[in-house]
Each structure stands twice: as C-alpha cells, then as structure tokens.
Amino acid sequence: MAQISLFQLLTPLMLMVFAGGFAAIYLYDRSGQRSALYFALSYLAAATGFLLDFFRAAIPYQLMSFLTNGPFLASTLLFAGAMHTRYGKPWPLAAMTLLYAGTLTVNFWFLVPDPNIVARIVVINAGGLSLFLFGFAALKAAPRDLIRKAMFWLMAATCAQFVIRPAMVLMPAGQELTPANYGSSVYFVTFHFVMALLTMAFAAVLFISYGMDIVRALNRRSDSDHLSGLLNRRGFEGQAGAVLAAAA
C-alpha cells in the first residue's frame, strides 16, 4: 500500500512538470503555439485530480468524488480543445461544456439521491470518452506524418481504456466495489497506472511535435529578412536549388 501511495504522489508531480513544459513552449511563442497553453492547463487539471486522490482517506467520500472527477473531466475537455487549436479547428465549446456539466450532474445523482458506485463509474467514463472523442475528431486535420500516427494510436488506446475499465466492474467475476474498498481496488490502481503511462506518452509525442515546429520556424527565420520577410541569399539559394532540381 505504501508503494501505491508513493506512485500516487509521483504521478501528479510528473504531470506538473509536463504542464510546466507546455507552458514554457507557449511563452516562447504565444501567437504560434497557443495550443500548448491548453495542453498545460489540461495537464495541470489532471495533476490536481491525482493530487487530491492522494488524500482520499482524509476527505469525505462524496466530496472527494467531485474534487477528483471535476478536474479529471476538465483535463479531458481541455485536451480535446487543445487538439482543436493545435490543428486549426474551432472548439465545439458549447457542446463540450454541456456534456461536462451533464456528466457531473448525473454523477451527483448516483452519489447522493441514489447512491450507486458502479453507475457512477459508467457515467464518468462515458462522459470522459465522449469529451475525448471531440479531440479525436480534430486529429483528422493533422498532417499525415508519424506524429499523427502516434497520436492516433495513443488516442485509440485512451478511448479503449474508457471502455475497458467500466467493463472490469460490470463483469460478474469483477470485484464488488464499495466506498470503503474503492481506494484499494484493482479498478482504482489500474486507473492510476494506465493514465500515468498514457499522459507520459502523449507528452513525449507532443513535445517532439512542438520541437519540430520550433526548428521549422527557426529555419524560416534564418532564410528570410526579419523586417521585410523576403528571402535572404541563403533562403533564395536553397529554394532556387530545389526548384531547379525539380525542373531537371
């Protein structure tokens, strides 16, 4: 149990580091990398949820449900919005906000008026999956390169875990969850482990993608005049050589 608690503490610290990395990218180029700001906020929201989860034993169960599920769903919403911004698509903000609020409302119903922990797990995962699919849709506008392929498979894996984890508690042979054993359940431990791996993988791919953007931007700046934007000698020779080679 001590090892699980240590892992629970390391996860939000790791997410905060990633959030800081995305924030640094945004500060480096505020106009061209605005999506990095939303990724930073997404990782910060996830870190908040995981950090609060670390104190689960000290906070009343009903309150803890909102303190964790709210940030986790907000993280998913912000991630989907960041994907839209990253690939030049407008946010479907009204639909996403309505889905976010509706998921938390139904979660409240199965928390207080009609307590049902399994129903809440299904509702939260269904809401998270629906929000995440908005981001998946934005991937259609991404350039068809290795980054897009990596993002596709990572997002597919994330969608799958939104389905597999509720199935774990719905199966007849699954562990019977109660508020008392939830924090030590296979479902809970699996959630932390899988999400930690996925967020690390997403961060790695996104940092590579942003790094490539920065290198391309620096190359463009070195090939053109800062004031006029016209090609300098280096840029002209490079593009002229490419045109001549194509013509030959």
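Contact here means heavy atoms within 4.5 Å. The structure is a predicted model, in which local features need pLDDT of at least 70 and side-chain atom pairs count only at pLDDT 80 or more, while totals for chains, interfaces and linings use all residues. Residues are numbered from 1 along each chain as its sequence is written, and side-chain values use heavy atoms, with hydrogens and water left out. The protein chain has eight helices and zero strands, where helices (H or I, at least four residues) and strands (E, at least two) are DSSP runs numbered from the N terminus.

**Overall architecture**

- Read from the N terminus, the order of elements in the protein chain is α-α-α-α-α-α-α-α.
- The protein chain comprises 248 residues, of which 41% count as buried; buried means under 20% relative accessible area, exposed over 50%, and partly exposed in between (1.4 Å probe, protein chains only).
- Among contacts in the protein chain with a separation of 6 or more, 68% come from residues 24 or more positions apart.
- The protein chain has an accessible surface of about 13,200 Å², and carbon and sulfur atoms contribute 71% of that surface. Accessible areas come from the Shrake-Rupley method with a 1.4 Å probe.

**Loop residue Q33**

- Q33 is situated in the loop between α1 (2–28) and α2.
- With a relative accessible area of 5%, Q33 is buried.
- Apart from its neighbours within four places in sequence, Q33 is in contact with I25, Y26, R86, Y210 and D213.

**Packing of α4 against α5**

- Helix α4 (residues 93–109) and helix α5 (residues 117–138) have axes that come within 9 Å and cross at roughly 175 degrees. Axes are lines fitted to C-alpha atoms, for helices over the stretch in contact, and angles run from 0 to 180 degrees between N-to-C directions.
- That crossing makes α4 roughly antiparallel to α5, a term for angles over 145 degrees; under 35 counts as roughly parallel, 65 to 115 as roughly perpendicular and the rest as oblique.
- On the α4 side the contact involves A95, M96, L99, Y100, T103, V106 and N107, and on the α5 side R120, V123, I124, G127, S130, L131 and F134.
- By class, the contact of α4 with α5 has nine nonpolar, four polar and one charged residues. Ala, Val, Leu, Ile, Met, Phe, Trp, Tyr, Cys and Pro count as nonpolar, Asp, Glu, Lys and Arg as charged, and the others, Gly among them, as polar.

**Aromatic pairs**

- The structure contains 19 aromatic pairs. Rings of Phe, Tyr and Trp (its six-membered ring) pair if their centres lie within 6.5 Å; planes under 30 degrees apart count as stacked, over 60 as edge-to-face and the rest as tilted.
- F50 and F191 form a stacked pair, because their ring centres are 5.6 Å apart and their planes at 15 degrees. F50 belongs to helix α2 (residues 34–54) and F191 to helix α7 (residues 186–222), so this pair ties together parts that are 141 residues apart in sequence.
- F72 and F191 form an edge-to-face pair, because their ring centres are 5.2 Å apart and their planes at 75 degrees. F72 lies in helix α3 (residues 61–86) and F191 in helix α7, so this pair links parts 119 residues apart in sequence.
- F72 counts as buried at 14% relative accessibility.
- One aromatic cluster is formed by F18, F22, F39, Y43, F79, F132, F162, F202, F207 and Y210.
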